[in-house]
Amino acid sequence: MELLGNGSFLIEQLMNAIMLGCIYTLVAVGFSLFFGVLDVVVFCSGDIAVFGTFSLMGAYMIFETAGLTSMLPTPVWMMLLMGVAAILCAGLGVFTYLSSIRPFEKSSSLMPLLSTIALGVVIREAIGLFFPLGRNPQRFPRLIPNGSFGGHALLSYRNVTIICVTFLVLLAVFFFLRKSKMGNAMQAMAQNKRLAAISGINIRSVAITTFVLGGLLLSVAGFLIGAYYGTVRFDNGSLYGIKGFSAAVVGGLSNVYGAIIGGMLLAFIEVFVSILPGGAAYASAVAFIVVVIFMVAKPEGILGEKTVEKV
């Protein structure tokens, strides 16, 4: 209990919880977008995020071999790296829709679920087979320089970058959903798909845009995963998928704002349970127990709305 009385230690763990929550939040928002618009749970979302991490690593290797990292200013080649990962993840998102969602639109709701689980396995195995060093843990390149603002360890460039990137991405998503024509169409489709179609909304283009936006979000989550942990494995996607889905369920599966609350709550539980004596081994278990409690006591989530289905 001596550690709990150390104020600086608690502040450090608070920062760790916020940064971990940023990762969970972006993955959870991806789940919420997919479910809110199309009523499907895309279980390969975590694998798409890890694909984004490996896309960044692969692009960095190519850039470094070609000498672009020394020829171009650092902000330029970093933006190019992020652009490559974003395009690849957006493309993988569209492929997910075309291969695992669209063919089963008239089938049981269980079919897209199983199909996305299978696609996640394919993505993981493809990364393990084709990426250099394959199934071994991979070291993420140091894209964020060492150092901190004002010499404060908690205000390291890494910490501030992760928090600021997450805030800006979420702000852009909310602005897109609230202010753009396509964002309004996505919200209309989320409320009533049949009525949206009758109103003249192109259901197909909205669905594809949703998966493009989800892929972009997950590419940023992939960057945060690499920046936060420093190493990544090809099969980490299933873990982040489960954590992101759990966070979305806690917040309200179809509510983007609830995904933020759920992601942060899950991260805070994990981090603060892990600092208890012997708690590190049970942090994930306790977090999932909380998820189960929410599913039983408040299945619609913190910000979700109760729905009544008439038979």
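**Inside the fold**

Reply: Start at Leu-81: apart from neighbours within four places in sequence, Leu-81 is in contact (heavy atoms within 4.5 Å) with Leu-56, Ala-59, Tyr-60, Phe-63 and Leu-143. Bear in mind that this is a predicted model, where local features need pLDDT of at least 70, side-chain atom pairs count only at pLDDT 80 or more, and totals for chains, interfaces and linings use all residues. Residues are numbered from 1 along each chain as its sequence is written, and side-chain values use heavy atoms, leaving out hydrogens and water.

Leu-81 is among the residues with the most contacts inside the largest nonpolar core, along with Leu-26, Leu-33, Leu-38, Phe-54 and Phe-223. That core has 85 residues, being a set of buried Ala, Val, Leu, Ile, Met, Phe, Trp, Tyr and Cys residues joined through side-chain atoms within 4.5 Å. Its largest share, 16 residues, comes from helix α1 (residues 7–38); helices are DSSP runs (H or I, at least four residues), numbered from the N terminus.

Another helix worth a look is α5, residues 110–130. Its 21 residues reach 31 Å from first C-alpha to last, close to the 30 Å expected (1.5 Å times one less than the number of residues). Buried here (under 20% relative accessible area, 1.4 Å probe, protein chains only) are Pro-112, Ser-115, Thr-116, Leu-119, Gly-120, Ile-123, Arg-124, Ile-127 and Gly-128. So what covers these buried residues of α5? The cover includes α2 (45–66), α4 and α10 (237–251).

Definitions and conventions: Helices (H or I, at least four residues) and strands (E, at least two) are DSSP runs, numbered from the N terminus. Buried means under 20% relative accessible area, exposed over 50%, partly exposed in between (1.4 Å probe, protein chains only).
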